[in-house]
Structure formats: C-alpha cells, structure tokens
Amino acid sequence: MVKCSSCGLDVSDELENCPNCGNNLVKSEEIKEVVDTKIVCSNCGAELNENNSFCPSCGTEVKFEEEDTLKCESCGSTLPENTLFCPTCGTKVNQVQKVNKKNCPNCGAEVGDNDAFCEECGANVFTGETNKQELVTTGSFVDKINLNTIIKPSIVALVVALILSFIGLLIGFSWLSFVIAIILSAGFFGAAIDNEANAVVFGLIVGLILGLLETPLVEFTYGAFVAGVYEGFFGGHLVLIVILGIIMAYVSNIYLKETILGLTDNFKGML
C-alpha cells in the first residue's frame, strides 16, 4: 500500500493512478525521491549542489555522507571514526578511514576543520582574504621601511640637532655639541616613528647629514680660520654621529616609545 500524495488515500502499490483523484502515483514517488535527496547546508539550511565544497551563504564546509562516512563491508552499517570492529555484526574494519582535510586558499597550508583562519599566513580559510596591515607589520626588516613616514620627522629632528649643536658651540662644548645634539634629537623624535626599521633609517639620515654639516656649522659660528683649526685638531666625527643616531633612534623606538609619547601628550594637554 502507498499513500496518495494528492488526496491521502491508501492505494495498492500495484496501481499506477489513484482511483479517488486520478493522481499518478509513480510520478509522485519519483518527485518525492528527488526532494528527499536534495542537499542542504547543515548550518544555515541553504540548498547546495554536489560541486559545492563550502556553503555559498555562510561559508560552512560541505560534508557529504557518502564520501565522509565509513560503512561496514559486511552489513553496510555506518561506523564511527577510528572503529576497529563493526558494532552491528562484529566484522573487522579493513577500510582506511577517510580524514577530512582542509587547505588554506591563500598559502595552501593544511588547517583544522574548526579553524576560521590559517595559522601560517592568517588568511580567512573560507574567503582567502588576509589582513594586509598585519602582514606588513610582521614582514621582513626591508619590507617595513617606508620613506614617506621618515622624511618629515627627519627634517624636524635635523633642524633641532643643528640648533642644539649651534648652542653647544656657543657655550664651548666643541665637538661634544654634535654628540649631545644627535643623542637628544634622534632619541626623542625616533620614538614617534611607526616601526624599528624606519627608526634605524631615520637615525642614519639625521646622523649622516649632521655629520656632514659639522665643519660648516663651526665655520658659520666662528669663521673659516677657527673651522680649519677645529678640523685639524679634532677631525671629523661623521662615523660616530651616524652610529649614535642609529642606536638612539632604535633604542627609543623599541623601549622608550610609550614614555616619550606619553610626555608629549601631557605637554599638549597643558597647552
């Protein structure tokens, strides 16, 4: 006996049409089988097709029972994972159980079934999108360098260093004026640089230019004769100034950033 899908009457399974309403019982059963075999997402219920690996609505991985489940060779019962003997008939399980593997669409690394982001590159395992800002931050030393963020603070720090050096020369600090100037300027403004790679380049630029201007600044302050005596007696300190600039900018950026930026914020709040 079968039940007519149109009027609900119980009809002999030998009949092709319902005697009550004339409904074709064979076509009704075929339609029912198609409906029953429709694939839907286990998470959101969206309709899927057999080519979908992920749900187009919510991104959930599609798992097909016929592919992912292990069945007993003897009785056909569905077996739990890691089963050695069938709990229904006791037959030893000889099939190799299938393991669901998922790979990152960005770098190809294997990820867990419950992972939303790849541990290797940080990409979303459903969309393949990455956090570009984070990748730049965690990239190599050279990749972090951005001259556009260095130019302005370098100019400001160099002007301050020249002013400090000029004041130091006037009060008799001699070549120590440039050492003190590069330590203070590179150390203070180096904290504001966005990362340590840019801070190193910043310290290099400020130290190099200040070192090249050492003798001209002495000449500007005391004249050519004194500048000649200064250079002959003390010599240039280009290498020393450059090294101090790099060290102070790097140390300040790594260890003194919060302290120095906090002081500047407090100063701005007082104005």
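A residue is called buried here when its relative accessible area is under 20%, exposed when that area is over 50%, and partly exposed in between, with a 1.4 Å probe and protein chains only. By that definition Asn-198, with a relative accessible area of 0%, is buried. The model is predicted, so that local features need pLDDT of at least 70 and side-chain atom pairs count only at pLDDT 80 or more, while totals for chains, interfaces and linings use all residues. Residues are numbered from 1 along each chain as its sequence is written, and side-chain values use heavy atoms, with hydrogens and water left out.

Asn-198 is found in helix H6, residues 196-212, where helices are DSSP runs of H or I with at least four residues, strands are runs of E with at least two, and both are numbered from the N terminus. The side chain of Asn-198 is joined to that of Asp-194 by a polar contact of 2.8 Å, and a polar atom of the Asn-198 side chain lies 3.4 Å from the backbone oxygen of Lys-144. A polar contact is a pair of N or O atoms within 3.5 Å; within protein, one must be able to donate a hydrogen and the other to accept it, and residues adjacent in sequence count only if both atoms are side-chain atoms. Leaving aside residues up to four places away in sequence, Asn-198 touches Lys-144, Ile-145, Asn-146, Thr-149, Ile-150 and Ile-193, contact being heavy atoms within 4.5 Å.

Phe-141 is found in the loop between helix H3 (132-137) and H4, and is partly exposed at a relative accessible area of 40%. With residues up to four places away in sequence again not counted, Phe-141 touches Ala-197 and Val-200.

The structure also holds four aromatic pairs; rings of Phe, Tyr and Trp (its six-membered ring) pair if their centres lie within 6.5 Å, and planes under 30 degrees apart count as stacked, over 60 as edge-to-face and the rest as tilted. In one of these pairs, the rings of Phe-166 and Phe-220 have centres 6.1 Å apart and planes at 50°, so the pair is tilted. Because Phe-166 lies in helix H4 (residues 151-170) and Phe-220 in helix H7 (residues 214-222), this pair ties together parts that are 54 residues apart in sequence. Phe-166 counts as partly exposed at 29% relative accessibility, whereas Phe-220, at 65%, counts as exposed.

The rings of Phe-233 and Phe-234 have centres 4.9 Å apart and planes at 90°, so this pair is edge-to-face. Together with Tyr-230, Phe-233 and Phe-234 form one aromatic cluster.
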